[in-house]
Every structure is written in C-alpha cells, then in structure tokens.
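Dear colleague,

Please find the structure we discussed handed over below. I would be grateful if you could look through it alongside the notes that accompany it.

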Amino acid sequence: MKKIVTISFIIIFSLGFSQEKYEVGNLLFDKMEYKEAAKIFESQFENGDKSMVVLEKIGDAYYFSTEMNLANKWYGKLISTYGKAVSPKYFYRYAQSYIGIGKVNQGKKWMMKFSKKDYKANLDSVGVVQEYSEYSLKNISINTMYSEFGPTYYNDKLIFSSAKDSNYFKASSNVKQLPFLNFYIGNLGPDKTDVISSKEFSTKINSKLNEATLCFSKDLKKVYYTGNSITGNKNSNVDKKLKIYSATAKQNNNGEIEWKSIKELPFNNDNYSVGHPAISPDGKKIYFVSDMPGTIGGADIFVVDILPNDNYSKPKNLGPTINTFGKEMFPFVTENKLYFSSNSHNGLGGLDVFESEYLNSTFNSPKNLGEPLNSSFDDFSFIIKEDLSTGFVCSNRTSGKGDDDIYFFERTKAGICKQFISGYISNNITGERITNAKISLFSKKGDKLKEVVSDANGNYKFQQEFVCNNNYLLKVERIGYKNGEKLFSINKSLSEIIVPIGLDRIHELIVEENGLLKIKIGAIYFDLNKWDIRQDAALEFDKIVSLMNEYPKMIIDIESHTDSRGQDKLNLILSRKRAKAAKDYIIFKGIDASRIRNAEGFGETQLMNKCQNGKRCSESMHQLNRRSEFIILKI
C-alpha cells in the first residue's frame, strides 16, 4: 500500500511539474519572448514529451522569431509525426518557412498540399480572402495620367499626393523620366464621393523632392508626412532614403493656415527609410513603415508612442502576425482595426489591402478585403470612415487613368445591396398622379422597414440596404383610395428599381383635385340671388347624404363660390347663405352637424379663371366660378 501511494505521488508530482513548465512556456510566448519559450518547450521534448502541442509550440516560437531554419526543422517533425491530424495552418507555415530559407520550390510544393486540404475553417489563421463585405469602387475626377495616391481626410477636404504639375528628373540614362510628388488639397463634392477641385497644399512642405502620405494630430495642429532626405543633389543617382517630418500649423495675418517649424522625427536614419505615418484615433501613437534593423521582411510596420515635448518612444515592430518576409506598407488605424497593404500575406497579386482587429495592442490575423477592392495589381493607401462605411483606396490597375489612381469606395455587408427604390403613385382610371400617399416598405418577414410620402408629383423614393435577391413589399395608403400594394425583388445588377403603383378610388363620387379629396356631384343651381335648395339641387345633395351614410366617419367642409357679376359684398353674403343652406339640408337629412366642420362662402374671391370684374366672359366661363365644393377631411 505504501508503495502504491509513493508511485501515485511521483506521478502527480511529475504531472504538476510538467504543467508548470507548460505554463511558463505559454507565458513567455504570450509576452513574445519566443526564443526563451522555445527553450522551455524544447526541454519538454528532450524529457520525453513529444506531443503535438509541444511540437507546434517549438515550431511557432521559431517561426515568430523569424528563425526559419529552426521553424522548418520542427514543423517538419510535427507533420512527419502526426500527418493528417495536423491543423492546415501548420502546412501553410511549413511552406512559408521553406520560402524564408530560400527553398521556394519546396515552399510551393507544400503550399499546394495546404490548398488541397479542407481549410475553410482555418481562413482566419492564414489571412486569405474574406467574404464578409463587398465594395463598390469609383475612379475620382482628379486622377491624371501620372500618379495620385495617399489620400487623407482633413476636415471636410481630402489631401493627396500627385505627380501632376511637377518638374521631371532623370535618374539615369537607362531609367525613364519620373515626376516628383507633391501634396494637394481638394474640395469634396456634396456627396463626399469625389474631389471637384484641388490646389497645392503647402508651399512650405512641398519641396524639390518627393512628399507623399501624411497624417494629422487629433487637434489638426501638427502634420506628419513622408519626404525624401533633403541632403544631396536631386539629380544624383544616390538612393535617397525616406524620412518622416513634422510641421506645426500657424495662422497668418490673413487668417490662413501656414505650416512652420518643419523638423525630422528623431528615429529617422540615413541608413534606412522611415515613412507612411498614420496616427491612432486617440492621437497617442504613430504607426509607420521602415526597413530599419529588426525588420522581418523588406518593409515592416512599426509603432511609437508620442511623448511630451516632441519626444517619441523607441520604435516597436508590430511582430509576425502583421509583418512578413515581404513588404507591409501604408498603415491606417481606426478605433479597433489596423488596415495596411502587403505583398506577402495571401493575396490576389501585388499589394493587397488587409485588415487586422486589435485590442490592447494585440493584433489578430490579417484578413484580405477581397475583390473588387483588391486586384492582381497594387492596391494600397486605404482610408475609411467606419461610421459611414465609405473611404478611398489607391490602385495601379489597368482600368485606371494613369499610373496610380485614387478610387472612392462604399462598403456593404456580403449579400447586401444598397439600392434606390423609386416610383410614382397614380389613379388607375385617369392616370392622375396622387400626392401625399403613404408608402410603407416591408421585409419578406412582414417587418415594416421605412415609410415615405409621395411628393407633389406623386413620386416617392427609398434608399437603403436590402438583402440581395430577396422579395420586398410596398403598401400604399391614401384617403379616398383603396389600399394598394406591390411585390418586388432586389436585383444586384440594377442601381435603381422603379416600382409604379396604381390606386382605385374607394367610390365613384370621390375624386382628387389639386391634392384635395372632394365629393364630385352634378352642378347645383340656385335661383338668381336666392339660396333656397331647388328640387334639382336636392337630388345632388341626396348623393352626398348617401355617401356620408356609407362612410359614417366622413367629415367634410362646404365651400360656396359665385362668379364676378354683381357687387362683391353682395356676392360674399350670397355665397355664405348658400353654404349654410347646403349644410342645413344635409343635417335635415339625418347627418350629424359635427360631421360638417365648416360651411363657408367665399363670394368671388377664389375665381377659377380670369373672369374678374369688368372682364367680358362667356356664360360657360362664368359657370366655372359658380360652384359648391364638398372637401373630404376624413373618411
């Protein structure tokens, strides 16, 4: 018994010791101390723990510390030992490790094996094209045959770099002439989708060399931008390094902003390039691109903290989750996402735009934003207003106007179509357009999505996001008309869907005139200068009584009018008496007095034509002005 207890204690102690070592290794790994983590897990392996998780950890520790020879060795052990049980992402990393040590053909071989595996569930881990959103692109007006790129929002304007209107230089006898880049500031159109005019941004910042890509402090009082080193002869063949400069906004006597105190940032260096600054939304960090020592690939994204008194922290590489053996460039940062371009993460060719969500400076695996935003050419300089899902991106795709072009884009979720639904409401019999009709939009499930009212011409319009290829229902209501409805489908290929809807009158006596519903009966005649209801007029009034009995909630106004013959004052009195007589007759026939809101006479003050006092007109023209109108207020 004692022997059994002793053995149990040894086993439990060993397990506890092993778990403790795992814990230490994981802690070092999480702190990105990969080399130290590798030692811990290699020690586990040498002590007999040849489990899949230990081999994965050793391979990953060397992979993320960019020691590709060792990463290749341990990923090889992992795959040869566990074969099909290994996650597809390790086939991908094994392929990348071959490429990292210069064995490109072997890398391609293993990439083919990776592509044949069922890796749909592992897309997040390797950053392949995602399908959660769709983009529509539009080439903007200010693009030229030269290069325009690097857009940045500045208040309600857009700043960008362009090679237009610049001098040329020849780098060598074997290199084509290239124009220099300068900053321009453009006015955005009313819909913020295009630049309608532009001018030079700053004569102080624009120099004889290149300036491109910039960002602003949160208060817009400081600008950070990329420029060539200003030293040396601009016509020389010396490889000029990129540097980041800052300038401070000062208001001159005319109230205009001038940029002063131009200076280099302290982490610039003549031995490597630093550029493409992007400031964090809180204004506390600058992300930038460099090939400085510690770079994983050709160009990496780094970050520094902005400290008081124009000081900055030591640059920190964002690490292998973001940076690769290729180039990562053109960062742009929102509240919880980093956007950048890469030619090494899985893409469609050239530079592609990727996004990486982050929390507390920890970045998730980048995801490719997919076609049509990305292409087989270079796609870069992505900026976005997340709340509007609109922004700008640059590309040198062949469908553009010149070298690099700026494109406006709008982002929607996958399967979502942003469309116009428009049409008009009309009378089914006469074709007359119907105003003030209420049009309600319903989803396939019957949920009411939106409501609009037809305008003076009977037109209506909806603009919103719809589920592509789904059916939707429009319902129309208008007092005096039977309700109408029409089903329609969303067609992704159409930018606007036109849905006209006709309505039937609820009764033949109810008509619409000039946007008002009226009871239309035959002509009502009174004897000259009389207001007594004649027998022929009573027959017409009885039609009104019958209609009001049919619609017990109907409320009306009565208006009586005369022609211009006779004295104005007497005509006014006469029309009022006739309106009252009409009201009294309808009440006498059993209609409650509360259902006639007003009975008013207007004399000759509201003539239908130009037959005014002293104007000779035919009897028929005068007859148009002698009328009684019954206006429906409620049915």
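This is a predicted model: local features need pLDDT of at least 70, side-chain atom pairs count only at pLDDT 80 or more; totals for chains, interfaces and linings use all residues.

The protein has 635 residues, of which 46% count as buried. Its secondary structure comprises ten helices and 37 strands. The accessible surface comes to about 33,200 Å², and carbon and sulfur atoms account for 51% of that area. Taking contacts between residues at least 6 apart in sequence, 54% join residues at least 24 apart.

Turning to the interior, nonpolar side chains in soluble globular proteins tend to be buried together. In this model the largest nonpolar core contains 48 residues, and Leu 474, Ile 519, Ile 586 and Phe 630 have the most contacts inside it. Helix α8 (residues 535–550) gives the most to this core, contributing seven residues. At least three residues of the core come from each of domain 3 (416–503) and domain 4 (510–634). When neighbours within four places in sequence are left aside, Ile 586 is in contact with Phe 541, Ile 544, Val 545, Met 548, Ile 558, Ile 591, Ile 596 and Phe 630. A second, separate core has 34 residues, including Leu 158, Leu 181, Leu 188 and Ile 383.

One loop residue also deserves a note. Phe 180 is placed in the loop between β5 (178–179) and β6 (182–188). Is Phe 180 buried or exposed? Its relative accessibility is 5%, so Phe 180 counts as buried, the cut-off being under 20%. The C-alpha atom of Phe 180 is separated by 9.2 Å from that of Ser 207, which is 27 residues apart from it along the chain.

As for the aromatic residues, the structure holds 32 aromatic pairs. One of these is formed by Tyr 94 and Trp 110 in an edge-to-face arrangement, at 4.8 Å centre to centre and with 65° between the planes. Because Tyr 94 lies in helix α5 (residues 88–100) and Trp 110 in helix α6 (residues 104–116), the pair ties together parts that are 16 residues apart in sequence. Tyr 94 and Trp 110 are both buried. Elsewhere, one aromatic cluster is formed by Tyr 154, Phe 183, Phe 201, Phe 216, Tyr 225, Tyr 245 and Trp 259.

Finally, there are lysine side chains placed over rings. The charged end of Lys 77 sits over the ring of Trp 74, 5.7 Å from its centre. Likewise, the ring of Tyr 153 has the charged end of Lys 385 over it, 4.2 Å from the ring centre.

Yours sincerely

Methods: Residues are numbered from 1 along each chain as its sequence is written. Side-chain values use heavy atoms; hydrogens and water are left out. A nonpolar core is a set of buried Ala, Val, Leu, Ile, Met, Phe, Trp, Tyr and Cys residues joined through side-chain atoms within 4.5 Å. Buried means under 20% relative accessible area, exposed over 50%, partly exposed in between (1.4 Å probe, protein chains only). Helices (H or I, at least four residues) and strands (E, at least two) are DSSP runs, numbered from the N terminus. Domain bounds come from an automatic or database domain assignment. Contact means heavy atoms within 4.5 Å. Accessible areas come from the Shrake-Rupley method with a 1.4 Å probe; for residues, only the protein chains shown count as cover. Rings of Phe, Tyr and Trp (its six-membered ring) pair if their centres lie within 6.5 Å; planes under 30 degrees apart count as stacked, over 60 as edge-to-face and the rest as tilted. A charge sits over a ring if NZ of Lys or CZ of Arg is within 6 Å of the ring centre and within 35 degrees of the ring normal.
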